[in-house]
Amino acid sequence: MTTSIQPALVRVDGLQVHFPIRRGLLRRQVGAVRAVDGVSFRIDRGRTLGLVGESGCGKTTVGRSILRLIEPTAGRVEVAGRDVTAVKAAELRALRRRMQIVFQDPYGSLNPRMTVRSILEEGLLIHRLGDAADRLRRMQAALDRTGMPAAALDRYPHEFSGGQRQRIAIARALVLEPEFVALDEPISALDVSIQAQVLNLLVELRDRLGLTYLFISHDLAAVEYVADEVAVMYLGRIVEQAAAGELRRAPLHPYTVALFSAVPTVDPRRRRRRVLLPGDVPSPARPPGGCRFHPRCPLAEQACRELDPPATQIDRHVVHCHVAARLLAESGGDARRAAERLAAAVAAADGGGVG
Amino acid sequence: MPLFEIRDLVTAFHTTDGRVPAVDGVSLSIDRGRTLGLVGESGCGKSVTAMSILRLVAAPGRIETGSILLDSPAGPVDLVTLPDSDLRRVRGGRIGMIFQEPMTSLNPVFTVGDQIAEAVLLHRACSRGAARARALEMLRLVRLADPEQRLDEYPHQLSGGMRQRVMIAMALACEPDLVVADEPTTALDVTIQAQILDLLGDLRRRLGTAILLITHDLGVVAETCDEVAVMYAGRIVERAPADVLFARPLHPYTIGLLAARPDPDAAGRAPLRTIPGMVPAPQRFPVGCRFHPRCGHARAAATPEGPACEAPAPELLEVEPGHFVRCHYAERLGEPHPAAVEVRFA
């Protein structure tokens, strides 16, 4: 989607992940949950892509498919030039050393019966990295980088707080010295005062070690703080993607407008007219035809019900929306002006909104 | 007196580790039709406060001292000492409750309609038919789509947002004077949260219900509450009208919480302000000011301006009309924390 001379570290093309729905005695497949249904993006080395969206939009499945923790149904995932979806088991294992993941729940993702030492050492042993002394040195370095004392090695996860556990999970990802880390809601389970500590740590590690992140979160402010670019997902698709600040200042998709307006803020200067979307997110087993957002969209037109909107791109800002495409064309490709007109149209259509 | 008042509530758990005072001297009050936000992080005691109100704290927890007063035509009644049979009439009658996870608070084997009707039958002398009609009326009131059809559905057939609407319908079915809502939107997506907060605000305006809203989300409080109480380590550390608290936070903990969130308008990517250390467990609440081990302003020894922060414990003092702070130095911290300037918009 973006152009640069340097090859992207992570490149995802037309990714689809469909989970079969089986029913009856013979467990015949009667349908599929289209969790991810045609997602493409790239992340350049040392950059961070934020992936936002509400529960069930497919953002977590995207993260897991990149590491092939979930088998993609179709599409291509390249990490460091290798096609993750096509490599054999041995090569996948070698590749996994270069890509790691940190999960949301530090209570569920660390085995309570393993010491921190065995949690950190497991990956080193699997990848046959170094002798005992070397492994210890690597483990101590990883703990040190995440602000944990080396004494933590001989303790168990339950002896630590949520924030400390998430530091241990980050140390486990870092001990293999990966290039790419998928961060799946890494701060959502933490208290507000601890979230800032972990966000600072993630940014510092990325800048110091040159890491590349996929930062998956429903927290728009946290994503904007960490990410260079942000992609918004809805029902298995990316509906809009832009530079982090640009997305907030000039959202071009009505869903992005509603999403930002719904975030409660303590600052009345930033309080927006709340756009209330009707109803719930439809089931990904039966996504609506045409634009998937049209049943909840305040601006839906005839075309939205019939045609899947193609990508419209202005510089690095990509949007999938018939209305935005028309407004962009009418504004001569000025994304800011188109965004202003879109916001006004959403406000006018959404009469029931609150101030 | 106000509609509802808690005075010096102490709720403690008696465990093998000894006595754990999760709520340690909390006082607050709510007037008719007003919304009070009770904010704090996990373990601060906000949910135990909520559970104490209706005496739902399970053993080994126990309300030790204090009173919980609900104003009534015959004068205030103390829910702490009220006989069980009378308390049952208050629960779901004059005080409704909404919990965080609607799936675990709704009964999976009864239909939505039956559950709301049951609440009505418990508190009103009416027929089954009238109770069912009331249930349908409530589902319409909370703007649930296809209410006639939903009446005969089970909780698992509904989405999270729809279940929370059903919880609200049930809590409001008997026209309570007060609704205690414990993290009512925390399990919901942000666009669904917006729908539910809008609904609560609308119902409050139309029915005149007072709300005690318990949450960890300062943004939710800022957008829905008239008054705010911030809890830390079992105590209220600051209390003020919402506009005053967010314009002029005075307790270093409140200031720290507000500054810890990323500010999209901040230039560049300066590291976020953090509160060092972690929230203390109730078994190990520090002595003196309970926030002092994490406080950048803590004074190790007494100064001409005030005592040491390690002892004695500060009182909750009124520093301007309606604005209470529990800090020896709240008004003498000099220039506000640089990051706090970002959230001040006076």
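Which strand of chain A is the place of A:Glu240? That residue sits in β10, residues 237-243 of chain A; helices (H or I, at least four residues) and strands (E, at least two) are DSSP runs, numbered from the N terminus. Before going on, note that this is a predicted model, where local features need pLDDT of at least 70, side-chain atom pairs count only at pLDDT 80 or more, and totals for chains, interfaces and linings use all residues. Residues are numbered from 1 along each chain as its sequence is written, while chains are lettered from A and ligands numbered from 1 in the order in which they are written.

Back to A:Glu240. It is buried, with 27 other C-beta atoms within 10 Å. Here "buried" means that 20 or more other C-beta atoms lie within 10 Å of a residue's own, "exposed" means 12 or fewer, and "partly exposed" is in between, with C-beta atoms placed from the backbone. Leaving out residues up to four places away in sequence, A:Glu240 touches A:Val232, A:Leu247, A:Pro251, A:Leu252, A:His253, A:Thr256, A:Val318 and A:Val319. Touching, or being in contact, means that the C-beta atoms of two residues, placed from the backbone, lie within 7 Å. Take A:Thr256 from that list: A:Glu240 and A:Thr256 are 16 residues apart in sequence, and their C-alpha atoms are 7.6 Å apart in space.

Now step back and look at chain A as a whole. Its secondary structure comes to twelve helices and twelve strands. The C-alpha trace spans about 65 × 55 × 45 Å along its principal axes. For 355 residues, a compact globule would have a radius of gyration near 20 Å, and the 22 Å of chain A agrees with that. This radius is taken over C-alpha atoms, and the globule rule is 2.2 Å times the number of residues to the power 0.38. Buried residues make up 49% of the 355 in chain A. Among contacts in chain A with a separation of 6 or more, 63% come from residues 24 or more positions apart.

Next, the sheet. Chain A has an open sheet of four strands in the order β2-β1-β4-β5, with antiparallel pairing. Strands β2 and β5 (82-83) stand at the edges with a single partner strand each, so one side of each is left without a neighbour in the sheet. Two strands count as paired if DSSP finds at least two bridges between them. β1(A) (residues 10-23) and β2(A) (residues 28-43) pair over twelve bridges in the antiparallel sense, and A:Val12 stands opposite A:Phe41 in β2(A). These two strands form a hairpin with four residues between them, and A:Gly24 in the turn has a positive phi of about 80°. At the other pairing, β4(A) (residues 74-79) and β5(A) are antiparallel over two bridges, with A:Asp83 in β5(A) as the bridge partner of A:Glu78.

Helix α1 of chain A (residues 59-66) is worth a look too. Seven of its eight residues are buried, so the helix is largely enclosed by the rest of the structure. Among the buried ones are A:Lys59, A:Val62 and A:Ile66. After α1(A) comes A:Arg68, with a positive phi near 55°.

How is chain A divided? The domain assignment gives domain 1 (8-227) and domain 2 (251-349); such bounds come from an automatic or database domain assignment. The centres of the two domains of chain A, taken over C-alpha atoms, are 30 Å apart. Their contact takes nine residues from domain 1 and seven residues from domain 2. On the domain 1 side, β2(A) gives the most, with five residues.

Finally, meet chain B. In this chain, 38 residues are in contact with 36 residues of chain A. On the chain B side, α8 (190-207), α9 (218-224) and α11 (252-259) each supply at least two residues, and α8(B) has the largest share, seven residues. Elsewhere in chain B, helix α7 (residues 160-172) has twelve of its 13 residues buried, so it is largely enclosed by the rest of the structure. What covers those buried residues includes α4 (112-123), α5 (128-141) and α8 of chain B.
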